[in-house]
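Me: I have a model open and want to learn how to read it. Can we go through it feature by feature?

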Amino acid sequence: MEFTLFTMLNGISYGLLLFMLSSGLTLIFSMMGVLNFAHASFYMLGAYIAYTISSVVGFWPALVLAPVAVGLLGALVERYGLRPLHKFGHIPELLFTFGLSFLIVELVQLVWGRAAVQYAIPKQLDGPLFTLFSTSFPAYRAFMMLVALAMLGAIWLVLTRTRVGLVIQAALTHPEAAEALGHNVPRIFMWVFGGGCALAGLAGVIGGNAFVTEPAMAATVGSIIFVVVVVGGMGSLAGAFAASLLIGIMQTTAVALDYSLAHLLGKLGVAITPATPAYALLNVTIAQSSAILPYLLLVLILIFRPKGLMGTRE
Amino acid sequence: MKELRYTPLNLGRWLLWGGYALILLAAPLVFSKGGGLTLLSQMGTVMIFGLSYNMLLGQGGMLSFGHAVYSGLGAFFAIHAMNMAGAGQLPIPTSLIPLVGGVAGLGFGLLFGYVTTRKAGTTFAMITLGLVELVFASSLMFPGFFGGEGGVTTNRVIGGAVLGITYGPQIQVYYLIAFWLFVCTAAVYAYTQTPLGRIINAVRDNPERVEFIGYDTQWVRYLVVILSSFFAGIAGGLSAINFEIVSAENVSAIRSGSILLFTFIGGIGFFFGPLLGAVVGILFSVLLSDYTPAWQLYLGLFFVLLVRYAPGGMGSLIMLLLRAARFGHLGRVGKPLGWVCLAVLPGLFGFVAGVEMLYHLTLEAANGSVKQLFGMAVDTRSALPWTLAGGLLLASIVAWRKAQPVFADAWGASCAEIAVQTRSAR
């Protein structure tokens with residue numbers, strides 16, 4: 001009971017963080033058709049900028065300022081990097097963001113050094129929120145979930161209940177028509193790209209001190225969010241939400257399970273010795289394989305449901 | 001009746017391939033000093049890898065982020081084959097070890113290609129990224145085969161000398177690589193002339209129409225991935241012989257990303273692009289990394305600039321210049337181009353100096369503030385070098401703004417004239 005509850009809570013909070021990242025990615029993808037390879041790099045930039053800001057004026061201003069800064073940076077990248085490439089098709093755009101992800105890692109190392117930085121959790125949130133039996137749930141995890149849910153609500157409100165959201169949706173599905181009605185679609189693209197990057201930056205601000213703020217943090221989370229986007233269905237926000245939670249829960253649960261196929265077969269009365277064929281494979285525990293589970297899920301989804309969980313296009 | 005055929009001697013082709021073979025033969029004689037030989041050997045393997053990668057990206061329009069899976073797994077199989085041959089369990093000479101890698105690569109191409117090629121375009125790219133992460137993570141799970149963190153090592157000298165060749169000295173390994181490189185280049189080129197090599201170009205450009213004329217695009221892509229992974233496996237096998245070690249890094253996303261970088265830098269639209277890209281890439285990653293810790297920044301910047309301003313890579317720049325030369329415009333274009341290069345040069349110096357000083361300040365601050373830069377001792381904490389670097393950069397920007405429009409005018413006029421000439425010739 002205790003184990004299930006806490007793994008679920010941890011899984012959900014990790015999944016929500018993944019969603020904060022993948023939502024921006026999905027938004028950008030469904031609008032511009034370009035998968036922003038540097039998305040995780042903006043997440044990293046968010047964490048580092050928040051670290052710098054919070055060491056001067058504290059965590060709370062950083063929570064607002066860092067995503068704004070990252071969003072502006074993203075808008076600049078779209079305006080001067082991606083927009084001129086749009087006419088060449090999607091592969092040059094993807095390659096540009098790929099090169100950018102390369103560059104951002106180098107620049108981060110240049111400015112903040114190669115080692116991890118001491119980006120601490122704010123004092124108010126440092127400590128347990130509640131203790132059940134013998135395990136305590138950190139307050140910061142709850143705060144992460146709160147921010148993610150607030151962000152989810154805010155996106156939903158903006159996209160469905162405001163004029164801006166309406167224009168964005170129109171530009172998403174019918175860019176030519178929206179342009180004919182007098183909306184500056186390229187500028188909308190720019191701000192959507194910036195907005196998506198700001199969401200990644202926000203995820204970085206609250207994820208950076210929950211985990212580690214280091215130059216490798218973009219690479220560790222980068223490929224997982226692509227898995228989320230493909231598994232959820234390219235361009236589907238709801239799919240990204242479901243896939244983030246699924247992968248978050250799956251990975252945190254798997255890390256805690258120290259069972260292997262050999263255990264299972266042992267229970268069934270089959271003796272496993274080092275002489276058994278495929279002994280190495282049988283002996284791998286679920287915990288050991290937790291790193292490959294998202295990718296395995298990706299492969300399985302592609303074989304059995306190629307359009308993703310909630311995707312509409314093949 | 002006997003069929004009458006007329007096939008004239010294609011002198012250009014003989015000269016080109018003969019020259020290529022000659023360059024491969026003569027290269028170690030020219031670059032024999034220091035690490036020249038190891039550099040050339042690495043270039044050779046990366047060239048094969050790049051050729052195989054360009055079968056996907058350039059010729060098939062498939063952007064893969066996980067091509068190292070095939071070369072890396074090929075390398076693992078090759079190194080295990082070498083170890084078994086060394087133990088006398090497998091009668092196979094070192095010269096044929098790359099074939100083991102190739103067959104292993106082909107096998108994994110059969111297996112993984114089936115999953116990855118179900119999609120094209122951006123989704124294909126994402127799946128390959130997922131796949132490479134999957135293989136990389138699994139490689140750490142099975143230390144028995146993949147050797148864990150340390151990797152698998154071997155000794156490439158197997159048995160006695162055959163015709164005096166033991167593959168102990170690096171020069172013999174170089175010639176083995178050069179031989180396989182020549183064979184692979186010829187094979188990949190021949191493949192581009194086959195119906196499969198042609199139809200994959202069509203699949204790249206207009207998959208819908210290819211479906212309409214009765215081809216299964218997914219099947220075509222699958223076949224190409226299988227073939228390409230065969231050559232990737234050969235490259236992997238050769239690198240196993242060359243380094244005598246294979247580790248998990250060989251199947252990583254980093255390795256896959258770097259071959260993408262190199263191939264694109266060379267130019268994905270040209271057959272020789274990957275060859276050029278491998279030379280430049282190895283120069284960056286092996287030679288330049290000896291001199292500066294900032295080489296990845298330079299490589300990344302170079303790549304981004306190319307993507308942004310010359311999506312055809314260095315190959316396209318060379319071909320454009322050659323075309324101008326063929327029409328006799330080199331004199332007209334050459335001078336303004338020279339001025340542009342001259343304008344960029346001081347800025348490049350200033351930029352490099354600035355980056356190097358910044359790296360020194362952030363990463364090597366413990367070793368004092370004095371840095372050796374372009375043969376001078378520079379104090380990174382004093383203002384003078386920074387102003388100098390900034391001044392050079394500024395001067396370069398001013399000169400660029402003067403020289404660039406002149407060049408753009410000359411180039412535009414030349415291109416327009418060539419376009420008129422080619423049209424009237426048609």
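Me: Into which domains is chain B divided?

Reply: Domain bounds come from an automatic or database domain assignment. Here chain B splits into domain 1 (11-312) and domain 2 (327-425). Their centres, taken over C-alpha atoms, are 33 Å apart. Four residues of domain 1 of chain B and four of domain 2 of chain B form the contact; contact means C-beta atoms, placed from the backbone, within 7 Å. This is a predicted model: local features need pLDDT of at least 70, side-chain atom pairs count only at pLDDT 80 or more, and totals for chains, interfaces and linings use all residues. Residues are numbered from 1 along each chain as its sequence is written, with chains lettered from A and ligands numbered from 1 in the order in which they are written.

Me: How many residues of chain B are in contact with chain A?

Reply: 34, against 37 residues of chain A. H5(B) supplies the largest share of chain B's side, 13 residues. Helices are DSSP runs (H or I, at least four residues), numbered from the N terminus.

Me: Which residues touch the most other members of the largest nonpolar core?

Reply: Nonpolar side chains tend to be buried together in soluble globular proteins. A nonpolar core joins buried Ala, Val, Leu, Ile, Met, Phe, Trp, Tyr and Cys residues through C-beta atoms within 7 Å; buried means 20 or more other C-beta atoms within 10 Å of a residue's own, with C-beta atoms placed from the backbone. In this core of 185 residues, the answer is A:Leu21 and B:Ile48. Helix H10 (residues 217-243) of chain B gives the largest share, 14 residues.

Terms used:
Buried ≥ 20, exposed ≤ 12 C-beta atoms within 10 Å, placed from the backbone. Helix = DSSP H or I, 4+ residues; strand = E, 2+ residues; numbered from the N terminus. Contact = placed C-beta atoms within 7 Å.
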